[in-house]
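User: I have a structure open and would like to go through it with you. Can we start with one loop and work outwards?

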Amino acid sequence: MIIIKCAKCNGKIFKYIKIGKCRLLHCWKDRIAEDLSVHNGNNIECNCGVIIGIDKGKESDILSGINSNSAISTAKPNQQ
Ligand SMILES: [Zn+2]
């Protein structure tokens, strides 16, 4: 489990079940354990207004365009 945080305000965006070690460039929606983001049209935003990613709209597909400058992922090694 990792926590995706906003790089600007450090607020939580979502908890995500990460599989594998590759960089987080997009998120499968069905692996988002807890969604704390703001959905503004197709944009996935933090409460502070930073755009974290884009919802491509497919049902269980991805939030792609995760911007590594606006989102930080934090591993939670004690949780799986
Ligand atoms: Zn923020």
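Analyst: Asn10 lies in the loop between E1 and E2. Strands such as these are DSSP runs (E, at least two residues; helices are H or I, at least four), numbered from the N terminus. Before going on, this is a predicted model: local features need pLDDT of at least 70, side-chain atom pairs count only at pLDDT 80 or more, and totals for chains, interfaces and linings use all residues. Residues are numbered from 1 along each chain as its sequence is written.

User: OK. Is Asn10 buried or exposed?

Analyst: Asn10 is exposed, because it has 11 other C-beta atoms within 10 Å. The cut-offs are 20 or more other C-beta atoms within 10 Å for buried, 12 or fewer for exposed, and partly exposed in between, with C-beta atoms placed from the backbone.

User: What is the phi of Asn10 like?

Analyst: Asn10 is not a glycine, yet its phi is positive, at about 70 degrees. Asn10 belongs to the hairpin of E1 and E2, which has 5 residues between the strands.

User: And how many bridges join E1 and E2?

Analyst: E1 and E2 pair in the antiparallel sense over 4 bridges. Two strands pair if DSSP finds at least two bridges between them. Ile4 has Phe14 in E2 as its bridge partner.

User: What does E1 do with E9?

Analyst: E1, residues 2-6, pairs with E9 in the antiparallel sense over 5 bridges. There, Ile4 stands opposite Ser73 in E9.

User: So what is the strand order in the sheet?

Analyst: The order is E4-E2-E1-E9, an open sheet of 4 strands with antiparallel pairing. Strand E4 (32-35) and strand E9 (71-75) are the edge strands, each pairing on one side only. From one strand to the next, the twist averages 25 degrees. For that angle, axes are lines fitted to C-alpha atoms (for helices over the stretch in contact), and angles run from 0 to 180 degrees between N-to-C directions.

User: You skipped E2 and E4. How many bridges there?

Analyst: E2 and E4 pair over 3 bridges, again antiparallel.

User: Switching to Tyr16. Which strand is it in?

Analyst: Tyr16 is found in strand E2, residues 12-16.

User: Why does Tyr16 count as buried?

Analyst: Tyr16 is buried because 21 other C-beta atoms lie within 10 Å.

User: What does Tyr16 touch?

Analyst: Leaving out residues up to four places away in sequence, Tyr16 touches Ile2, Ile4, Cys27, Arg31, Ile32 and Ala33. Here contact means that two C-beta atoms, placed from the backbone, lie within 7 Å.

User: Where is confidence lowest, and where is it highest?

Analyst: Confidence is lowest in strand E8 (residues 62-64), at a mean of 53, and highest in E4, at 91. The score is pLDDT, the predictor's confidence in each residue, from 0 to 100. The mean pLDDT of the protein is 77, and 71% of its residues reach 70 or more.

User: Last one: how many helices and strands are there?

Analyst: The protein has 0 helices and 9 strands. Of its 80 residues, 20% are buried.
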